[in-house]
Amino acid sequence: MSNQLKLGFVGLGIMGAPMAGQLVKAGHEVFVYTRSKVAAEIAQSSAIQCTSAAEVAQKADIIFTMVPDTPDVEKVLFGENGVASGLSKGKVLVDMSSISPIATKEFAKKINALGCDYLDAPVSGGEVGAKNATLSIMVGGDEKVFEKIKPIFDLMGKNINLVGSNGDGQTAKVANQIIVALNIEAVAEALLFAAKAGADPAKVRQALMGGFAGSKILEVHGERMVKRTFDPGFRIELHQKDLNLALNSARALGVSLPNTATAQELFNSCAAHGGKAWDHSAMVKALEMMANFEIGQKS
């Protein structure tokens with residue numbers, strides 16, 4: 001790989017913009033397209049703005065996509081002026097969205113039929129991880145293609161793993177979201193219990209950080225719960241989407257995920273109270289409503 005690559009990035013939202021920014025900072029020629037307003041950090045950079053996803057695919061050799069959901073990826077790839085219409089043989093498509101593993105396998109087959117390679121590479125780490133280039137990246141696809149793209153992944157993340165073939169990266173991300181949701185629920189229950197019992201939830205959280213209950217969720221999201229800072233972050237509606245993928249896939253596989261279903265119902269409660277755009281740590285609000293008690297108030 002040469003020092004400067006022709007890279008494309010489609011989807012410049014909360015995650016996509018800082019991820020594309022890391023590629024620009026590394027000195028690569030980056031072609032970008034997004035349906036929403038281009039973030040200032042990208043608009044003021046050397047990134048080259050294109051008029052369509054197809055144009056990005058025409059000008060770049062390696063194209064990254066980062067959009068919210070399975071239908072969005074399908075539209076970006078195969079819709080009018082989509083990535084597929086701009087591809088030529090030998091290019092690589094890397095989808096970093098979090099979508100259906102089953103749909104991913106079909107998308108990969110269609111891209112492969114055009115003579116191009118496909119990696120699914122969903123991420124974990126949120127906006128903070130994207131800005132700090134510390135994302136965990138779970139990759140599905142051919143090993144040779146993965147090795148070719150890994151130096152670019154290294155610009156965006158720290159924990160980068162080839163999980164298996166196409167679709168397996170998405171499966172790993174769904175598993176990740178199950179664990180995150182259940183950890184948020186556990187932290188929320190614990191801090192709500194402590195606060196209702198009359199203890200200082202901030203001090204309880206600090207005490208738990210050094211023990212076996214310590215976790216990234218307790219550290220970051222526990223602090224959000226105590227300080228009542230629920231600006232995303234990672235929106236509840238996006239985590240709902242991921243848990244729908246988990247529950248639908250589990251149904252197809254004949255697997256029961258009872259606690260995942262409970263976590264989804266708590267997110268559904270938040271959304272019903274106007275909270276679909278809250279950070280997913282705000283799951284605690286659903287538990288607080290049932291308890292008629294809010295962390296931080298006096299018991």
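**Close-up 1. Valine 145 in helix α7 of the predicted model**. Valine 145 is found in helix α7, and in this predicted model the residue is classed as buried because its relative accessible area is 7%, which falls under the 20% cut-off for that class. Between the C-alpha atoms of valine 145 and glutamine 58 the distance in space is 20 Å, while the two are 87 residues apart in sequence.

**Close-up 2. Glutamate 147 and a patch of negative charge on the surface**. Helix α7, which spans residues 143-156, also holds glutamate 147; with a relative accessibility of 46%, this glutamate counts as partly exposed, because that class lies between the 20% limit for buried and the 50% limit for exposed. On the surface, glutamate 147 gathers with Asp117, Asp142 and Glu143 in a patch of negative charge.

**Close-up 3. The pairing of strand β8 with β7 and β9**. With strand β7, made up of residues 123-124, strand β8 pairs in the antiparallel sense over two bridges, and here serine 124 stands opposite serine 136 of β8. Strand β9, residues 157-164, runs parallel to β8 and is joined to it by six bridges; within this pairing, valine 139 has leucine 162 of β9 as its bridge partner.

Methods
Residues numbered from 1 in each chain as written. Predicted model: local features only at pLDDT ≥ 70, side-chain atom pairs only at ≥ 80, totals over all residues. Heavy atoms only, no water. Patch = residues over 30% accessible without salt bridge, like charges linked within 9 Å, V, L, I, M, F, W, Y side chains within 5 Å. Areas by Shrake-Rupley, 256 points an atom, 1.4 Å probe, with all protein chains shown as cover. Salt bridge = Lys/Arg side-chain N within 4 Å of Asp/Glu carboxyl O. Lys, Arg positive; Asp, Glu negative; His and termini not counted. Charge placed at Lys NZ, Arg CZ, Asp CG, Glu CD. Helix = DSSP H or I, 4+ residues; strand = E, 2+ residues; numbered from the N terminus. Buried < 20%, exposed > 50% of the residue type's maximum accessible area, 1.4 Å probe, protein only. Pairing = 2+ DSSP bridges.
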